[in-house]
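Work through the exercises below with the model open beside the text. Each task is followed by a solution in steps.

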Amino acid sequence: MPGRSRPIHLAVPLALLMAVAMESAVQAQPKQVPETRQQITLSFAPIVRQSVASVVNVYGARVEKQPRNPFMDDPFFRRFFGDRGFGVPQERVQRSLGSGVVVDASGLVVTNNHVIEGMSEVKVAFADKREVEATILLRDPRTDLAVLKLKGVKDLAAIELADSDKVEIGDIVLAIGNPFGVGQTVTQGIVSALARTQIGVGDAQSFIQTDAAINPGNSGGALVDMQGRVVGINTAIFSRSGGSIGIGFAIPSAMVRVVVESARAGATTVRRPWFGARLQALTADVADGLGLDRPAGSVVASVVEKGPAAEAGLRRSDVILAIDGVGVDDPEAFGYRFATRPLNGTTGLTVLRGGKRLTLPVKLIPAPETRPRDAVVLAGRSPLAGLTVMNLSPAVSEELSIDAATEGVAVSEIEEGSVAARVGFQKGDIIQALNGERMATSRDIENATKERRRAWEVTISRGGQTVTSVFPG
């Protein structure tokens with residue numbers, strides 16, 4: 001209409017003119033040829049030089065004796081076959097190979113527990129070819145971490161542990177280790193994901209995922225950030241071939257710090273906060289019924305009487321959504337986050353109850369040893385021969401990842417090659433009954449296994465399931 005402005009029609013040509021002008025200006029800028037090496041080179045060499053002296057190779061070994069052939073007891077048989085005949089007991093050395101990280105100048109090295117599991121001799125090799133013997137200070141199967149102490153060394157180059165809670169997806173990282181035993185190797189990638197659970201390594205984990213190449217032998221090595229600090233200890237890969245396909249996992253440095261500090265304090269086991277409740281994953285149906293937009297959280301299945309959770313007012317069917325404001329999507333993520341809280345303080349849980357959100361303060365105290373463990377190694381002619389059993393307490397339940405409400409006697413160790421090992425007992429099994437009689441203490445089991453029987457009826461609890469089996473005497 002006459003006299004009325006038409007801004008909509010004018011806006012299009014103005015935008016086009018501005019875009020053309022900007023493009024012309026960019027094209028008018030002269031392209032410059034790089035004049036120095038620094039302008040054309042992207043190198044991680046300074047970070048590697050800073051970190052590589054703190055990453056070591058870890059060698060574990062144990063001597064195994066092969067069973068003796070009974071024919072070798074016959075002098076006539078030995079006359080023909082000699083002492084080297086078949087069936088003669090021979091010593092076989094079983095070895096493992098992995099990596100480790102020097103975290104203290106006095107000679108503390110952290111590595112994966114599975115690298116040295118069952119090993120009686122451990123040696124560490126540095127990048128400069130020095131080899132040093134090591135003693136095992138602490139093993140922690142729950143986190144798959146172990147701490148070694150190097151003999152006769154001091155003033156080593158130690159690497160700093162970063163704050164893994166500040167790591168972000170997309171950060172550039174380097175993986176340093178000894179893949180396939182070829183020698184110290186550095187690979188580069190990014191942090192692909194955070195808080196990965198359900199990996200099947202340990203029971204209180206929240207892994208850092210990376211696409212930096214991690215292969216067998218990298219276990220126990222360092223995942224390093226661009227400041228040369230350790231953000232994680234490489235521990236596992238997802239692979240169909242046995243080699244790297246770009247999906248590797250590292251234990252966050254926050255958990256590493258907890259294990260290392262326990263070793264520094266002289267502890268043989270890791271002291272962690274005790275929660276005193278059993279959790280279950282939140283399903284989609286339950287989340288929908290609670291009005292949540294996604295199934296992220298943990299449902300309280302049971303609460304231990306007089307435990308920290310009970311004293312904080314936590315109830316069965318409460319849904320835990322966060323710890324100190326950080327969301328926890330499942331029981332594994334909760335276990336990791338809770339285990340990395342410092343002892344002797346409090347932590348705040350965000351809890352959903354009856355449609356309302358509450359904040360409950362929980363004390364961070366270690367699990368108590370309410371009665372002596374009284375560990376007993378079982379012998380005799382029973383299917384339990386070779387087991388080490390001990391009385392249950394909150395402390396034992398915490399160490400073995402056992403539900404504290406379960407009754408019975410815990411299996412803490414299994415002698416390799418024993419009758420119990422062949423039967424299939426596992427560490428953490430709870431023996432509840434033998435031949436129909438309830439077992440309350442380790443001495444109850446010791447006395448029961450002194451008998452000779454034609455058959456043994458054993459009731460155990462494993463992973464929340466109760467099974468009764470019959471074995472020949």
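**Exercise 1.** Determine whether Gly-217 is buried or exposed, and state where in the chain Gly-217 is placed.

Solution. Gly-217 has 9% relative accessibility and therefore counts as buried, where buried means under 20% relative accessible area, exposed over 50% and partly exposed in between, with a 1.4 Å probe and protein chains only. The residue is placed in the loop between strand S9 (207-210) and strand S10 (222-224); helices (H or I, at least four residues) and strands (E, at least two) are DSSP runs, numbered from the N terminus. Leaving out residues up to four places away in sequence, Gly-217 touches Leu-97, Gly-98, Ser-99, Asn-178, Pro-179 and Phe-180, a contact being heavy atoms within 4.5 Å.

This is a predicted model, in which local features need pLDDT of at least 70 and side-chain atom pairs count only at pLDDT 80 or more, while totals for chains, interfaces and linings use all residues. Residues are numbered from 1 along each chain as its sequence is written, and side-chain values use heavy atoms, with hydrogens and water left out.

**Exercise 2.** Find which residues touch the most other members of the largest nonpolar core, and which helix gives the most to this core.

Solution. A nonpolar core is a set of buried Ala, Val, Leu, Ile, Met, Phe, Trp, Tyr and Cys residues joined through side-chain atoms within 4.5 Å. The largest one has 32 residues, of which Val-101, Val-103, Val-110, Leu-145, Val-230, Ile-233 and Val-256 touch the most other members. Helix H6 (residues 253-264) gives the most to this core, with 7 residues. Turning to Ile-233, its contacts beyond four places in sequence include Val-101, Val-110, Leu-145 and Val-256.

**Exercise 3.** Classify the ring pair of Phe-207 and Phe-249, and explain what the pair ties together.

Solution. Rings of Phe, Tyr and Trp (its six-membered ring) pair if their centres lie within 6.5 Å, and planes under 30 degrees apart count as stacked, over 60 as edge-to-face and the rest as tilted. By this rule there are 4 aromatic pairs. For Phe-207 and Phe-249, the centres are 6.2 Å apart and the planes stand at 70°, an edge-to-face pair. Phe-207 lies in strand S9 and Phe-249 in strand S12 (residues 248-252), so the pair ties together parts that are 42 residues apart in sequence. Both Phe-207 and Phe-249 are buried.
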